[in-house]
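Have a look at the fold before reading on.

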Amino acid sequence: MARKRAAIVAAAEQAFVRDGYAGSGMESIAREAGVSIMTLYRHARTKDDLFAAVIESACHPVDMEESVKIEDALKKPLADILLFVGMMFQERIRGAKTTNLLRVVMTEIRRFPHLGELAYDGLINAHVERLDAFLSTRAETSGMPVERRRKIGHDFFERLVGLDDYRVLLGLPAPSEQDIRGRAELAARDVVAALERDQPVPNLHEL
């Protein structure tokens, strides 16, 4: 099942990039993936579901080597974890797969305005939600209102995007590794500082 899903997502990605959203059909994608149309519908009931799956695959690839890196990173202090997440996010958001899908959305957005929401949910909101779920397990956010914690996570990702992303979309050179790391370091530092500011003042009777 996992192999079939991977084949379906790969075929769908190629179809969307090559033929656009409107020009891609479920039956042709099934043929390219080497599966029956019924098998395709078991994995994605609609073309929107398939497009969302392609975005998910581009932003959150299932890769054993990547999983090991993430596991190792989660053992480090919070600032180091955020640095890792910040760099990984920038690399994915500006990667070839993501950039090609964003170009598809920009081309088709007038006829299919809902693609913008699908893309934003997959590219941005999914990352915000995953970071928020992680922060909710940390001692640094104990007792913090959910809205405040989520805003800190949202602001973290907002600091990681900028004019460089327009350059990549336009086919111009991407930022350097040093620039990517520098932006991630600043964003991580801001999150740690925000969490420290929000720590409750100790009760003198508890000291």
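This is a predicted model: local features need pLDDT of at least 70, side-chain atom pairs count only at pLDDT 80 or more; totals for chains, interfaces and linings use all residues.

## Ground rules

Let's start with burial: a residue is buried under 20% relative accessible area, exposed over 50%, and partly exposed in between, using a 1.4 Å probe and protein chains only.

Residues are numbered from 1 along each chain as its sequence is written, and side-chain values use heavy atoms, with hydrogens and water left out.

## The overall picture

Helices and strands here are DSSP runs (H or I with at least four residues for helices, E with at least two for strands), numbered from the N terminus. The protein has 11 helices and 0 strands, which reads along the sequence as α-α-α-α-α-α-α-α-α-α-α.

Its C-alpha atoms fill a box of roughly 70 × 35 × 35 Å along the principal axes. Of the 207 residues, 40% are buried. Taking contact as heavy atoms within 4.5 Å, residues 24 or more positions apart account for 73% of the contacts with a separation of 6 or more.

Two packed helices are described by the angle between their axes and the distance between the axes. The axes are lines fitted to C-alpha atoms, for helices over the stretch in contact, and angles run from 0 to 180 degrees between N-to-C directions. Under 35 degrees counts as roughly parallel, over 145 as roughly antiparallel, 65 to 115 as roughly perpendicular, and the rest as oblique.

Helix α4 (residues 47-59) and helix α8 (residues 114-135) pack at about 40°, axes 10 Å apart, so the two are oblique. Among the residues making the contact are Phe51, Ile55 and Cys59 of α4, and Leu115, Leu118 and Leu123 of α8. The contact residues split into 8 nonpolar, 3 polar and 3 charged, where Ala, Val, Leu, Ile, Met, Phe, Trp, Tyr, Cys and Pro are nonpolar, Asp, Glu, Lys and Arg are charged, and the others, Gly among them, are polar.

## Helix α6 against helix α11

What about α6 and α11: how do their axes cross? Helix α6 (residues 78-93) and helix α11 (residues 177-197) come within 8 Å and cross at roughly 135°, which makes them oblique. The crossing is right-handed. Leu82, Leu83 and Met87 of α6 are among the residues in this contact, as are Ile180, Ala184 and Val191 of α11. The tally for the contact is 11 nonpolar, 2 polar and 5 charged.

## Aromatics and a buried glutamate

Rings of Phe, Tyr and Trp (its six-membered ring) pair if their centres lie within 6.5 Å; planes under 30 degrees apart are stacked, over 60 edge-to-face, and the rest tilted. The structure holds 6 aromatic pairs. Tyr21 and Phe51 have ring centres 5.9 Å apart and planes at 90°, so this pair is edge-to-face. Tyr21 sits in the loop between α1 (2-19) and α2 (26-33), while Phe51 is in helix α4, 30 residues apart. Phe16, Tyr21, Phe51 and Phe112 form one aromatic cluster.

Tyr21 is buried, at 5% relative accessible area. Glu108, in helix α7 (residues 96-108), is buried as well, at 4%. Apart from neighbours within four places in sequence, Glu108 contacts Gly20, Tyr21, Ala22 and Leu115.

Note on methods:
A crossing is left-handed if the near helix is turned anticlockwise from the far one by less than a right angle, and right-handed if clockwise.
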